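Visitor: Please pick a single part of this structure and take a close look at it.

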Amino acid sequence: MKKVLIIAILSLLSGSLFPQTTTTYQAESFASLSSGDHTPFWINNQNWGMTAVEADNFYLRSGVYHDQRLNEDWSFQVGVDIAGGNHSPYGNFWVQQLYGRLNWNIWRLDIGAQEDYVSFLNPKLSSGDFIQSNNARPIPEIKLSLSEFLLVPYTKNNLFIKGDFAVGKHFDNSWLEDQAKPALQNYTQDNLTHHKSIYFRFGDIQNKHKMQFTLGVMHYAQWGAEILKYRKTNEGEWKYIKKKETVGFDDFFRTVIAKENPSDAESAYVSGSQWGAYLFKYDYKLANQSIISAYIQHFFDDGSGMVFENYKDNMLGIEYNSGKKNLLSGIVFEYVYSKHQTGPIHHNIMMDDKHSHLQNKGNGNDNYYNNADYVQGPSYFGKSIGTPLFLSPEYNKDGSVNFKSNRIISFHLGIEGYLLPPLQYRLMLTTGQSWGRYYQPFTKVQKGTSSLLELKYTIPKIEDLDTKLMIGYDDGKFFGGNTFGCSLSLIKKGILYSK
């Protein structure tokens, strides 16, 4: 009787403490074939770094994810996702995701590497967020965030706020060294990262308003790395000169507020490598509940960009989302211009008295995604963390790990919908021109067009089994060269345990 009573009490406690428990799995197989040296651009990009730029690659992956609600306010999730394949910059086997998440109301604490898409741009149809897209493998980090917009008190339910704050670390030392060192190129090791964002939203179309306006700012930085530059020593010998950035609270604080390092006499610039973007987005709900959006994302990587001296450089976008499984469920059109960069001339503020009057006149050559010390810029294992339209370092053939193409004009169209209830399609068409960089321009403008047709079929007789066919074609150097290819995926999801 006593044993039965103990079991009953434990069951009661477990039911009250852990009322909802779900463990799910996902398994995927992928294979692609290409006629050129590369995997087609839109097959290779915007899939969290899973594919390789080299032609003819495959991978297998499987993940298990556990979601547990402790009570009305508290819940947590954990997940592990492993993969293996050929041509991968991570080796033949790697851990794609490994994370834990703790939720309290709408506050969220994340620890680990997770495919967590935070951009306000469409993850399937956009050409890619300037700051954080779904292009590179997730970086291990610790992040505190508001997972949803929080109503600001005393604003008559009209003003909401959302944001995050994160620190992380790169683990791509081996790729950077293998790529750069044989070619005697500069590179870095042990990069630390920091990013944060804050957004304000006026209105709420999900509840009472027909329109809403969102504005925000995102800031990203790399710091604390070991910088290796191939230089000639005083003795006349060529070798790698190492410089280890200090890693302390003062250094982190300067990185967070983008302040200069007073102990570094060689540099008059802010600590580490810094960049960011402003977002302005307007949403309008139609009578049929569809939503039309217009947005501008303005990139900056220094003070001149923050005050819009590079005012021409923006992504302009329009989106339609029906919210239904229609023949036309969604469409995105984007125009990207980044040729201005506050002009071609830049004067270092450390100058003699004779030329000091030019100090605030020559703030150009912003050289997006490139930095004198953190030469790999916003990339991880060679893939752009932001937009893939600034061709990622993985495409470089000379061993360099920087971005060679950042002065571009591009037009992009993305369309999705359903041909049949179980058959979904996605179309991507992008055309672009690149002038290279101000100080390293291309001798001839690089042009190109990239296209993708994706068909995803949910097999009716087998629960949660999808098959996905992608056909891609690239024409021109803007996208790395001419290539035609296709890929086939099988994706199976399911529930292992639910209570």
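Guide: Helices (H or I, at least four residues) and strands (E, at least two) are DSSP runs, numbered from the N terminus. The model is predicted, so local features need pLDDT of at least 70 and side-chain atom pairs count only at pLDDT 80 or more, while totals for chains, interfaces and linings use all residues. Residues are numbered from 1 along each chain as its sequence is written, and side-chain values use heavy atoms, with hydrogens and water left out.

The part to look at is a nonpolar surface patch of about 710 Å². Patches take residues with over 30% relative accessible area and no salt bridge; like charges are joined within 9 Å, and nonpolar side chains (Val, Leu, Ile, Met, Phe, Trp, Tyr) within 5 Å. Areas come from the Shrake-Rupley method with a 1.4 Å probe, and for residues only the protein chains shown count as cover.

The members of this patch are Val64, Val80, Ile82, Phe93, Val95, Leu98, Leu496 and Tyr497. Strand S3 (74-85), strand S4 (93-104) and strand S24 (483-498) are the elements that each give two or more of these residues. Strand S4 provides the largest share, three residues.

One member, Ile82, sits in strand S3.

Asp81 forms a salt bridge (a side-chain nitrogen of Lys or Arg within 4 Å of a carboxyl oxygen of Asp or Glu) with Arg61, and their closest N and O atoms are 2.2 Å apart. Salt bridges number 20 in the structure.

Of its 499 residues, 50% are buried. The accessible surface of the chain comes to about 24500 Å², and 61% of that surface belongs to carbon and sulfur atoms.

How values were computed. Buried means under 20% relative accessible area, exposed over 50%, partly exposed in between (1.4 Å probe, protein chains only).
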